[in-house]
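Subject: Structure for you to look over

Hi,

Here is the structure I promised. Please open it alongside this note. My findings follow below.

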Amino acid sequence: MDMNTIESVVATTDPGQWRDGDAWLAGGTVLFSYGSPVGSEEPLRRLLDLGQAGWPAVTVSDAGIELAATCTIAELYALPMSDAVAGRNWPGLELFRPCCDSFVASFKVWNMSTVGGNVCTSLPAGPMISLCAGLDAKATILGRHGSSRTVPVAEFVTGDGKNCLAPGELLRSIHLPASALAARVAFRRLSLSNLGRSGVLLIGRLDADGGLVLSVTAATKRPVQLRFAAAELPDAERLAAAVGHSIPAELYHDDIHGLPEWRHDMTLRLAEEIRSELLDPVPDGPPTVSGDFWPPHATSPQPSTQPEFTTEQQKEA
């Protein structure tokens with residue numbers, strides 16, 4: 001869209017340059033759609049462009065994975081099959097591609113939209129919020145006066161289109177800890193229509209200490225996490241009670257992608273599926289994902305599901 005209030009575009013990663021009427025620009029897939037940050041009533045005058053930041057998209061170490069806020073969805077999707085994580089026993093990598101596919105995105109969005117942008121937009125269905133919350137990721141935030149702080153992504157988002165960022169603060173990176181990546185995981189997602197926006201998205205994790213972590217997103221206005229110690233793993237009845245206690249009726253999201261009552265019922269259903277999968281697994285059974293296009297990807301328009309063409313085939317096309 002045309003943004004006819006913009007007076008200048010400034011290439012910078014310095015929060016100290018921020019002033020009223022500014023917006024940080026990464027991929028711009030939401031900014032150029034809405035014309036201003038979600039929830040903002042002030043017209044934009046400048047864009048602070050992170051396009052030349054030069055931050056490494058992904059950094060892998062024994063401590064886990066560091067994602068730059070400017071890491072694109074395409075770069076994240078490629079990570080599980082890359083040499084950077086080869087040989088690492090990180091089952092949590094199995095979540096990356098289903099979460100990327102949850103965008104149901106065009107080629108342009110797939111290659112321009114960023115992990116940080118999706119988290120900062122803070123919409124309930126943001127799949128990068130789901131991924132990061134499910135893996136206990138922490139966000140590093142830069143302040144306007146040289147300060148920095150870290151916040152769990154599960155607490156970063158505070159409501160529909162709302163987060164903990166103060167004016168001018170910049171999301172620099174997101175750290176996925178090795179301890180969470182090493183856990184067994186389960187993924188469930190539902191929408192009301194084929195290839196539709198996520199209405200319910202749950203991620204479960206069985207940690208090395210035997211504890212169970214369940215993260216609820218998309219169904220709720222902000223992420224909700226339930227944690228059970230190894231000595232207190234729930235049965236179906238106790239899990240349903242815990243979900244009911246942790247998610248009051250008013251916290252369920254309400255829009256055209258799902259009524260609160262439906263989101264509530266599907267949250268209970270998928271939570272029990274995850275509990276059963278992680279606590280009563282099928283021996284040597286493959287990880288299970290549910291959703292509109294897993295498996296197979298036969299009807300998905302996602303770039304990730306399309307056949308790879310050779311150079312000769314591309315020339316012929």
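A strand here is a DSSP run of E with at least two residues, and strands are numbered from the N terminus. Two strands pair if DSSP finds at least two bridges between them. Keep in mind that this is a predicted model.

Strand β13 covers residues 212–217. β13 pairs with β14 (residues 224–228) in the antiparallel sense, over 5 bridges. Leu-212 stands opposite Phe-228 in β14. The hairpin of β13 and β14 has 6 residues between the strands, and Ala-218 takes a positive phi near 70° there.

In β13, Leu-212, Leu-214 and Val-216 are buried on one side. Val-213, Ser-215 and Thr-217 are buried on the other.

Next, the open sheet. Its 3 strands run in the order β1-β3-β2, with parallel pairing. β1 (8–11) and β2 (22–25) are at the edges with a single partner strand each, so one side of each has no neighbour in the sheet. The twist averages 25° from one strand to the next. β1 and β3 (residues 46–49) share 4 bridges. Val-10 stands opposite Leu-48 in β3.

Best wishes

Note on methods. Residues numbered from 1 in each chain as written. Predicted model: local features only at pLDDT ≥ 70, side-chain atom pairs only at ≥ 80, totals over all residues. Heavy atoms only, no water. Axes fitted to C-alpha atoms, helices over the stretch in contact; angles between N-to-C directions. Buried < 20%, exposed > 50% of the residue type's maximum accessible area, 1.4 Å probe, protein only.
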